[in-house]
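Here is a friendly briefing on charged side-chain pairs. Have a look at the model first, then read on.

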Amino acid sequence: MQQHRNTTSGVVFDFLCSVISRRATQEQFHVFITLNKSDVTQQCLHSPSDVVVGKANKSDSLTHRNGATERQSTDILPLFRLMNDFEESRRLLKSCRKEQRPLTIVLTGCSRLVFFSLCIGSSIIPNTFANASISGIGLQASKLLKAATPESKLFLVARSLEKARKAKGRVKVFSATSSSMENVVPMECDNTSLTNVRDFCCELREKLIRKDVEENRRGGIDVLCLNAAVLLGEDAKASFTEDDIEVTFQTNHLAPFLMANLLFDLINPGGRVVVTTSGLQAFCSFENFEGCRKGDRSKRRFEMVNRQRFHHKQSYAMSKLCNVTFCLALDRRLRMKKARAVCFTPGLIPSSGLFRHHKDWVATVMKKQAVGMDDTEEWGGCMLAWMALSDQAIQEDPEHKNSSTYWRATFGISRHGGKIPQDLFLAPVNEEAMKLENQELLWKLSVELARVQSHELSGGSRLNPNIDK
């Protein structure tokens, strides 16, 4: 009963906290925060009653005036739907695996920032960030994982420790007991810095060793979710990290590649690595990796893997093709220790925060919404959690021996009564990802670009990965 009460109150709280991004993106609503001038100076945005959600006109909104709230519309029905969906998802995840022992789960990309507009009097400031609102399928998956496996150890990894702690705060309301939150650990990992990735892996290793000794329990990692990603804006030019690597390629592929190698030896037998990719991987080509192989070798700079000029969407798609190709190569290596690597696409999810850099929403998102091709954040989060826990997700499919790693669903199915896992299926991937020579060449180039040392490759055993530097 205590679990049910906390889950219910958690869904109510989460609904109120996340209504901004959901209504703004998925239902094509404009969102404003209405504040008096005195409120602005006091940074008065403390509770959901301060949130104005509505259409561009003023007839359908919640308005905060002189400390009182006036309601012209209601979100009660969507709230009940969310409560029912969450409880159904929790039951699904509890029943999707036979072995019910506590797990050690590491989930990267557990939160993304959400931008919205600020309305002060009659003035509107577009794309203003306020109140540190966080969102994303990683956050949704974290809540479900905590609700479904309350005794599991959950490492929430975000680009900053502040974001990771806020994600933990959002997960806390789904915890059955306050003591179980001791097993939720916020951590920082900035994929735009390979040094930071190394530091994170070293810190995680030390935390795991210390925790396992203290609790006298099975060590290592049961589930590693590589979910962090970035999609730059339409007008973005090629930009490079402190490691002289293009931002999209490093964030989405190279940093997860390095992380998987540094943590390889910690993956338990029967464990898994889950890689979040995209259906866009099907629409690009490596073109023999001409960009990587013929870039400025002194600076290691190249705009695109295939030597094309930088384009934000093509760069993202290419990084997702790298994800699938890397996942297939990693799966072969993990099978030797009776573990697996699998990948999936959650679909087009406008509210996830992935599109926060985009200005032209009509061209980017709303055309897809108009034909029902978008999916909900709750769907994406549940799919990620299912990939992390389900026995079915890592089972061999005799009919798909060469591609039994990539899961997907029909785009937009979550808005048309779609169910997990009934509407999920194993799908073929880009033919270039299937080629063994491409898998091994990408692996070799990634080792060089990430400067992976020989003792780190496929899991070094040293506590400090920088010991030989």
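**Salt bridges at a glance**

Arginine 101 has a relative accessibility of 24% and so counts as partly exposed; buried means under 20% relative accessible area, exposed over 50%, and partly exposed in between (1.4 Å probe, protein chains only). The model is predicted, so local features need pLDDT of at least 70 and side-chain atom pairs count only at pLDDT 80 or more, while totals for chains, interfaces and linings use all residues. Residues are numbered from 1 along each chain as its sequence is written, and side-chain values use heavy atoms, with hydrogens and water left out.

**Overall count**
- The structure holds 18 salt bridges, each a side-chain nitrogen of Lys or Arg within 4 Å of a carboxyl oxygen of Asp or Glu.

**Aspartate 222 and arginine 101**
- These two side chains form a salt bridge, 3.1 Å from N to O.
- The pair links distant parts of the chain, 121 residues apart: aspartate 222 sits in strand 12 (residues 221-226), and arginine 101 in the loop between helix 3 (76-95) and strand 5 (104-108).
- Helices (H or I, at least four residues) and strands (E, at least two) are DSSP runs, numbered from the N terminus.
- Aspartate 222 is buried, at 6% relative accessibility.

- Aspartate 331 and arginine 335 are salt-bridged, with their closest N and O atoms 2.9 Å apart.
- Both lie in helix 9 (residues 312-335), four residues apart, about one turn of the helix.
- Aspartate 331 is buried at 4%, whereas arginine 335 is partly exposed at 35%.
- A network of salt bridges links Asp331, Arg335, Arg340 and Glu396.
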